Amino acid sequence: MANLAERKGPVTSVVVYAVLAAAVLLAVFPFVYMISLSLQSDADIYSGIPIVIPETLQFSNYVDIWQRAPFARFILNSFIIAGGITALHLIFDPLIGYVFAKMNFPGKGVMFAGLLSTLMIPFFIRMIPLYILTAQMGMLNTYQGLIMPFAMSAYGIFLMRQFILPIPNDLIDAARIDGANDLIIYWRIVLPQIKPALATLALLTFVFQFNEFLWPLIVVSTTEMRPITTGLTLFNQEFFTQWNLTATGGVILFVPSFLLFLVTQRYFIRSVMMSGMK
Amino acid sequence: MLRSTTWRQRQALLAYALLLPGIAYFALYFFYPIVIEFWASLFRGQPLIGNAQFAGFANYTTALSDAMVQRSFLITLVYAVGTTALTLAVGLGLASVLSGPVRANTAVRAVIFFPYIISFVIVALMWKSLLDPYTGILNSALVALGLPTQNWLGTPSTALWTMILISVWKDVGYAMLIYIAAIQGIPAQLYEAASIDGAKPHQMFLRITLPLLAPTTLFLAVISMISQLQEIAAPYLLTGGGPANATRLFSMHVFETAFERLDIGYASALSFMMFIVILIVTFIQFKVLNREVVY
């Protein structure tokens with residue numbers, strides 16, 4: 001493999017490590033500063049001098065914030081919405097992926113092309129008609145209304161199909177000869193084999209849905225239906241404008257994604273590298 | 001034989017039954033919305049859910065001569081092309097360093113990738129506090145160095161590029177990971193053969209790595225352009241579209257037209273036009289970059 005570090009003259013190595021150190025610092029510093037802000041007192045904030053390491057850590061910010069706005073409700077909403085969407089993906093994406101990978105029926109090619117064509121329809125284009133549709137179905141400001149536009153994705157189905165394709169047809173045919181129908185084959189043979197792929201799907205879906213900002217901004221009209229993303233914006237606008245308390249909210253929003261990433265980091269990165277390749 | 005006609009028919013029936021929820025879902029949530037959007041774009045006001053007057057194609061002709069629409073469209077192009085080009089360039093640079101035996105490279109990858117998976121709400125909050133004109137750390141550092149300070153997100157000449165750099169900061173880790181995966185897939189023999197022929201490292205990069213990465217670059221460029229052309233969170237959360245509309249991206253303009261000014265018909269026409277632009281951009285990118293893939 002040819003890359004910069006392997007062709008190491010000492011100068012190249014120093015440059016490479018200096019660039020990487022700068023990149024890491026740039027990636028990490030905003031988070032460090034946010035955590036620092038969340039532990040500063042009002043006096044620190046109003047002093048007009050930026051502080052990275054506060055003299056006294058103001059942990060009371062983390063107590064205050066729960067009293068200023070229904071933060072617990074925001075978090076609960078986020079878990080209900082992102083969790084609901086993830087569950088629906090886990091039910092439908094592998095099943096439809098299986099049908100396209102291992103079953104034969106007239107019209108399969110056309111239907112698969114039709115499915116993939118939905119990848120060309122970005123969310124922004126659907127934003128207004130989805131609002132109209134959701135309003136017509138009486139789902140504005142409800143969990144169903146927040147969940148349904150993201151319930152299935154061609155991307156998830158395609159990913160599952162890619163993982164199911166390599167399962168040997170002999171295995172499936174043998175089960176068919178033994179009289180198993182495709183639902184049983186799917187449940188008993190295919191699903192157990194693609195557990196890692198299901199974990200990938202769940203992880204990516206949950207993390208990205210937890211961050212969804214635009215759709216809740218459009219359909220939610222009451223404070224108590226907000227997920228944490230739009231809840232925090234509301235915070236910033238209406239409840240207070242102090243950086244320390246806003247940063248405290250930011251840290252709370254950031255913790256679930258961070259913990260999930262920390263635990264699954266190697267696996268997560270491999271998933272992204274795998275799923276991004278066509 | 002097991003594969004009798006009746007068995008095939010039964011399998012087909014089962015397949016259709018299993019696909020039915022999916023077909024219904026994609027029809028209702030992906031294809032029908034495009035129909036509604038086009039229909040709504042022929043009205044003024046709030047078609048299908050409120051008062052509206054039929055206007056034919058008037059929304060489209062109005063849009064083409066609407067100065068704000070033209071301006072925000074241009075701003076969006078600068079934002080999408082700028083963010084995409086920088087993200088890919090920096091991502092490739094980091095990937096070519098990190099795909100090799102650099103110490104702690106998996107940890108470094110993870111750290112650089114992490115901003116990609118957090119909400120833009122947090123990204124905006126962090127960078128607004130860092131760039132705050134009065135209490136922000138960047139300006140204080142500039143003062144300490146004796147350099148002039150700047151209200152980065154609050155000055156028309158710097159706001160758009162500041163926003164672009166923040167988006168690059170968030171997205172670059174993803175491009176980096178995809179490039180690393182692609183670089184690791186390039187057969188080592190190619191480089192061995194080239195070095196036997198006396199190729200210099202930069203020649204190998206230009207003649208082997210870059211051409212072989214063309215499909216990856218195409219993939220990243222297409223998905224980045226599609227997502228940046230419809231970006232709303234960045235301007236909404238960082239600048240509110242200001243100062244003086246300098247960061248009013250097209251999608252944010254459409255969002256406000258639809259949900260704040262409640263002119264859903266006009267916003268639908270704008271949105272439909274953007275749909276066509278996105279299709280054209282994707283098509284051109286495939287044409288241009290595909291030519292380079294065949295070398």
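Which domains does the domain assignment give for chain A? In this predicted model, the assignment divides part of chain A into domain 1, covering residues 10–62, and domain 2, covering residues 69–239. Taken over C-alpha atoms, the centres of domain 1 of chain A and domain 2 of chain A are separated by 37 Å.

**Annotated spans in the two chains**

For chain A, an unreviewed UniProt entry places the feature "transmembrane region" at residues 14–35, 74–92, 112–133, 145–164, 184–206, 213–235 and 247–269. For chain B, the feature "transmembrane region" is likewise taken from an unreviewed UniProt entry, which places it at residues 12–32, 73–95, 107–127, 159–183, 204–226 and 264–286. An unreviewed UniProt entry also gives chain B the feature "domain: ABC transmembrane type-1", at residues 73–285. The table sets out what the model shows over several of these spans, with the separation of the end C-alpha atoms in the last column.

| Span | Helix | Strand | End C-alpha atoms apart |
|---|---|---|---|
| Residues 14–35 of chain A | 100% helix | 0% strand | 31 Å |
| Residues 145–164 of chain A | 70% helix | 0% strand | 31 Å |
| Residues 159–183 of chain B | 100% helix | 0% strand | 35 Å |
| Residues 264–286 of chain B | 100% helix | 0% strand | 33 Å |
| Residues 73–285 of chain B | 74% helix | 0% strand | 19 Å |

**Where the chains meet**

The contact between the two chains involves 97 residues from chain B and 98 residues from chain A. The size of an interface is often given as the accessible area lost when the parts come together. For chain B and chain A the buried area is about 8,600 Å², and carbon and sulfur atoms give 80% of this area. On the side of chain B that touches chain A, the element that gives the most is helix H1 of chain B (residues 5–40), which contributes 23 residues.

Which kinds of polar link does the rule find across this interface? It finds 13 residue pairs in polar contact between chain B and chain A, both residues of each pair being at pLDDT 80 or more, whereas it finds zero salt bridges there. Sorted by class, the side of chain B that touches chain A has 74 nonpolar residues, 17 polar residues and six charged residues.

**Two backbone details**

Most residues other than glycine have a negative phi, and most peptide bonds are trans. Against that background, two places in the model deserve a careful look. In chain A, Asn141(A) has a positive phi of about 60° although it is not a glycine, and Asn141(A) sits in the loop between helix H6 (123–136) and helix H7 (143–147) of chain A. In chain B, the peptide bond from Gly242(B) to Pro243(B) is cis, with omega near -10°, and Pro243(B) lies in the loop that runs between helix H11 (233–238) and helix H12 (250–259) of chain B.

How values were computed
Residues are numbered from 1 along each chain as its sequence is written. Chains are lettered from A and ligands numbered from 1 in the order in which they are written. This is a predicted model: local features need pLDDT of at least 70, side-chain atom pairs count only at pLDDT 80 or more; totals for chains, interfaces and linings use all residues. Side-chain values use heavy atoms; hydrogens and water are left out. Domain bounds come from an automatic or database domain assignment. UniProt positions are given in the numbering used here, feature names are shortened, and annotations may be inferred rather than shown by experiment. Helices (H or I, at least four residues) and strands (E, at least two) are DSSP runs, numbered from the N terminus. Contact means heavy atoms within 4.5 Å. Buried area is the accessible area (1.4 Å probe) that two parts lose on being put together, summed over both. A salt bridge is a side-chain nitrogen of Lys or Arg within 4 Å of a carboxyl oxygen of Asp or Glu. A polar contact is a pair of N or O atoms within 3.5 Å; within protein, one must be able to donate a hydrogen and the other to accept it, and residues adjacent in sequence count only if both atoms are side-chain atoms. Ala, Val, Leu, Ile, Met, Phe, Trp, Tyr, Cys and Pro count as nonpolar, Asp, Glu, Lys and Arg as charged, and the others, Gly among them, as polar.
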